[in-house]
Amino acid sequence: MSEEITQQEVDNFLKIFGGHILFQTLRAAVEFDLFTKLSVHKQLTLVQITELLNIQKQPARILLLGLVSSGILKKNPDNTYANSRAAEIALTSHSPRNVISYVKLQHHVMYKGMFHLFESIKEYKNVGLQEFEGEEPTLYQRLGHTPEVKQIFQDAMHELSVYANKDLANHIDLADSKFLVDIGGGDGTNIIELANKFQNLRAAVFDLPSVCPITQGKINQSNLTDRLSAIPGNCFEDEFPGDADCYLFSHFCTIWSEQKNKMLFRKAYDALPKNGKVIIFNMMQDNDETGPLSTALGSPYFLTIATGEGMLYTWNEYESWLREAGFSEIKTAKLPQDHGVIIGVKG
Ligand SMILES: C[S@@+](CC[C@H](N)C(=O)[O-])C[C@H]1O[C@@H](n2cnc3c(N)ncnc32)[C@H](O)[C@@H]1O
């Protein structure tokens with residue numbers, strides 16, 4: 001084997017080594033709404049960009065160098081700049097698939113907290129939470145102290161969930177379900193999507209009291225107020241809302257430890273009638289624990305910031321926990337964006 005390190009190996013390493021700098025370059029461009037401006041004008045020169053962004057030429061060159069060398073922007077032979085295909089889809093404000101709120105979340109939440117990853121691994125606790133106001137043990141509770149960050153968090157979750165959750169609605173059959181409760185259902189994106197698809201379904205979000213007003217606001221805009229509701233509560237301290245024949249855990253199990261997930265599945269099992277269902281929906285780690293990359297990037301957030309105890313677990317882990325709680329007829333389906341759905345039935 002050659003001792004020489006290749007340029008490609010160097011470049012791959014530099015992208016990891018300087019990832020924080022590339023991210024802040026991206027975030028700066030998002031703050032300037034540069035990608036939308038480039039989309040509107042198709043291509044712009046350096047001078048035009050300095051005028052549109054109202055910045056000096058040298059900082060503009062630094063910004064553009066970072067964006068071009070990392071492939072987010074293209075520099076044309078005539079020296080104009082243009083969006084890459086990915087930037088056009090993911091970073092322009094008029095694109096329905098943009099992840100601009102998620103870039104803001106990365107900046108305001110992940111970026112700060114992730115400074116403490118080493119200590120969090122060593123101590124097995126969310127040391128990064130110290131970056132957020134309050135004394136509570138989880139990020140979700142502390143967000144109540146900073147309404148602007150809470151809104152960024154909910155907007156980013158909505159952005160991520162809206163397409164993933166459409167896939168969920170297309171991969172589960174709730175024709176026989178009467179009342180679904182979405183545990184930790186956030187702003188209600190899921191239940192709105194599901195109630196639109198299944199016309200006989202009633203559904204509720206069960207989430208922390210600080211979140212329910214946001215959920216209720218979304219429900220009020222949906223024309224589905226007769227079938228949807230927001231129920232405030234804490235899933236560990238309060239009973240699950242009764243009468244449900246289906247409990248959904250969407251992007252929720254990843255937050256908690258193995259023990260707490262097992263406890264939640266047991267609680268769901270006890271509260272469900274015969275033939276009632278539990279549905280788990282989130283990113284799934286491969287059973288051989290080698291990826292996908294999205295799960296490697298997502299897991300440190302749950303350890304360092306969110307709760308200090310969760311991660312993106314494997315398919316096999318969820319399946320074994322469901323069986324242990326008593327569920328059977330377990331079905332699994334792979335969905336786009338490294339997501340998966342696992343359904344268990346109370347026999
Ligand atoms: C990652 S978000 C997922 C939102 C939604 N389920 C989705 O798929 O987009 C996690 C949600 O769990 C809620 N949550 C956190 N701790 C909770 C608890 N103890 N009881 C109920 N909800 C909780 C948070 O407020 C937040 O809305």
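**Close-up views of a predicted model**

**View 1. Strands β6 and β7 run parallel.** Five bridges join β6 (residues 246–250) to β7 (residues 277–283). Helices (H or I, at least four residues) and strands (E, at least two) are DSSP runs, numbered from the N terminus. F249 stands opposite I280 in β7. This is a predicted model: local features need pLDDT of at least 70, side-chain atom pairs count only at pLDDT 80 or more, and totals for chains, interfaces and linings use all residues. Residues are numbered from 1 along each chain as its sequence is written.

**View 2. Seven strands form an open, mixed sheet.** The order is β5-β4-β3-β6-β7-β9-β8. Two strands pair if DSSP finds at least two bridges between them. The edge strands, β5 (228–232) and β8 (328–335), each pair on one side only.

**View 3. Helix α2 (residues 19–31) packs against helix α7 (residues 100–113).** The angle is about 130°, and the axes are 10 Å apart. Axes are lines fitted to C-alpha atoms, for helices over the stretch in contact; angles run from 0 to 180 degrees between N-to-C directions. The contact (C-beta atoms, placed from the backbone, within 7 Å) is made by F23, L26, R27 and V30 of α2 and I100, V103, Q106 and H107 of α7.

Terms used. Contact = placed C-beta atoms within 7 Å.
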